[in-house]
Amino acid sequence: MTQRVDLATVMDRMAIDEVVTGYAVAVDDGDWAAYRALFTPAGRADYSSAGGIEGPAAEVADWLAQTMELFPVRQHLIVNRLIRLEDRDGSPGDRAEVRADFLNPMRLAGPGSDASVTAPNFVAAGRYAFVLARTARDGWRLTRVTVHEKWRHMSA
């Protein structure tokens, strides 16, 4: 590889990492416009392993907006990111896959105005499979997100 290809690969990896981090921040902050913007127009998300839905990203964002009202406090930690860039004869291509583990502590909504203090905690964990494509206009965007939930726990 040349230095130019090496630099392009590093820049791609950083841009992809920014999309994955943006995904976690959008869900945690309930910023559904930002969530939608992370996907290509045909992008899809699959939360079926966690009891959710699978479908176009815009529809899934609407479902998440409603579902996440149950969890006013949430924090996605996405770690162990394994990024695989498409290789086009030694140069980076326009497709990437990311496998990343997640730990997602949340607090359920409870009664009263200060429910986050007394409500139970809920933790889910598993692995994400992200598929991304480089777009001409917006750079790297998600074409598919699949959640593979491995375990969950609720405590008072």
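Reader: Which residues are linked in a network of salt bridges here?
Author: Asp12, Glu86, Arg88, Asp94 and Arg134 are linked in one. A salt bridge here is a side-chain nitrogen of Lys or Arg within 4 Å of a carboxyl oxygen of Asp or Glu. Keep in mind that this is a predicted model, where local features need pLDDT of at least 70, side-chain atom pairs count only at pLDDT 80 or more, and totals for chains, interfaces and linings use all residues. Residues are numbered from 1 along each chain as its sequence is written, and side-chain values use heavy atoms, with hydrogens and water left out.

Reader: Thanks! How many salt bridges does the structure hold?
Author: The structure holds 13.

Reader: What is the N to O distance for Asp12 and Arg134?
Author: Their side chains meet at 2.8 Å, N to O.

Reader: Nice. Which residue forms a salt bridge with Asp17?
Author: That's Arg81, with the closest N and O atoms 2.7 Å apart.

Reader: Switching topic: what volume does the largest pocket have?
Author: About 320 Å³. On a 1 Å grid over the protein atoms alone, a pocket is an open set of points where a 1.4 Å probe fits, with protein on both sides within 12 Å along at least five of seven lines. The volume is the space filled by probe spheres set on the points, which are joined across faces, edges and corners.

Reader: Which residues lie nearest its centre?
Author: Ala50, Trp63, Met68, Met106 and Glu149, out of 21 lining residues; lining means having an atom within 4 Å of a point.

Reader: How do the lining residues divide into nonpolar, polar and charged?
Author: There are 14 nonpolar, 5 polar and 2 charged. Ala, Val, Leu, Ile, Met, Phe, Trp, Tyr, Cys and Pro count as nonpolar, Asp, Glu, Lys and Arg as charged, and the others, Gly among them, as polar.
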